[in-house]
Amino acid sequence: DLATQFDMTPQYTATFLKNTAGETVLEYLAKIRLNKAADYILYSDETPFYIAAATGFPNLNAFIKAFSGRFQMTPDQWRQIHPK
């Protein structure tokens, strides 16, 4: 879908992103999803389960693992440390 929006082939889009941003398409999308999840945590009272589903994670465990990998803390710890 991303390649189509920019009228490029998927292969060229992947190479272009890797060369310019230094990350793969999947890494880039994961970063966007996790940043959006962090915003949800800060600005809503939704549960981590809801936030995981809203940001496209297949289950809560995958979300917590990815979130912890990016932010070095769980979603609940993130909510406690960052006031609204």
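Trainee: Where is D7 found?
Mentor: D7 is in the loop between α1 (2-5) and α2 (10-21). Helices here are DSSP runs of H or I with at least four residues, strands are runs of E with at least two, and both are numbered from the N terminus. Before we go on: this is a predicted model, where local features need pLDDT of at least 70 and side-chain atom pairs count only at pLDDT 80 or more, while totals for chains, interfaces and linings use all residues. Residues are numbered from 1 along each chain as its sequence is written, and side-chain values use heavy atoms, with hydrogens and water left out.

Trainee: Okay. Is D7 buried or exposed?
Mentor: D7 counts as exposed because its relative accessibility is 74%. The cut-offs are under 20% relative accessible area for buried, over 50% for exposed, and partly exposed in between, using a 1.4 Å probe and protein chains only.

Trainee: What's its backbone doing? I mean, what is the phi of D7?
Mentor: Phi of D7 is near 55 degrees, a positive value in a residue other than glycine. Most residues other than glycine have a negative phi.

Trainee: And what about the phi of Q72?
Mentor: Q72 isn't a glycine, yet it has a positive phi of about 55 degrees. You'll find Q72 in the loop between α5 and α6 (75-81). Q72 counts as exposed because its relative accessibility is 63%.

Trainee: What comes just after α2?
Mentor: G22, which takes a positive phi of about 75 degrees.

Trainee: Switching topic: how many salt bridges does the count come to?
Mentor: The count comes to 1 salt bridge, with the rule being a side-chain nitrogen of Lys or Arg within 4 Å of a carboxyl oxygen of Asp or Glu. It joins the side chains of K31 and E23, at 3.0 Å from N to O.

Trainee: Are those two buried or exposed?
Mentor: K31 counts as partly exposed because its relative accessibility is 27%. E23 counts as buried because its value is 14%.

Trainee: What about the inside? How many residues are in the largest nonpolar core?
Mentor: The largest nonpolar core has 13 residues, and those with the most contacts inside it are L34, I41, F63, F67, F71 and W78. At least two core residues come from each of α3, α4 (48-54) and α5 (60-71). The largest share, 5 residues, comes from α3. A core like this is a set of buried Ala, Val, Leu, Ile, Met, Phe, Trp, Tyr and Cys residues joined through side-chain atoms within 4.5 Å.

Trainee: Pick one of those. What does L34 touch?
Mentor: Leaving out residues up to four places away in sequence, L34 touches F57, F63, A66, F67, R70 and F71. Contact means heavy atoms within 4.5 Å. L34 is found in helix α3, and it counts as buried because its relative accessibility is 4%.

Trainee: Where does T55 lie?
Mentor: T55 lies in the loop between α4 and α5. T55 is buried because its relative accessible area is 7%. Residues up to four places away aside, T55 touches R33, K36, A37, Y40 and F63.

Trainee: Last one: which residues make the nonpolar surface patch?
Mentor: L26, Y28, L29 and I32 make a patch of about 370 Å². Patch residues have over 30% relative accessible area and no salt bridge, with like charges joined within 9 Å and nonpolar side chains (Val, Leu, Ile, Met, Phe, Trp, Tyr) within 5 Å. Areas come from the Shrake-Rupley method with a 1.4 Å probe, and for residues only the protein chains shown count as cover. L26 lies in helix α3 (residues 25-43), and L26 is exposed because its relative accessible area is 67%.
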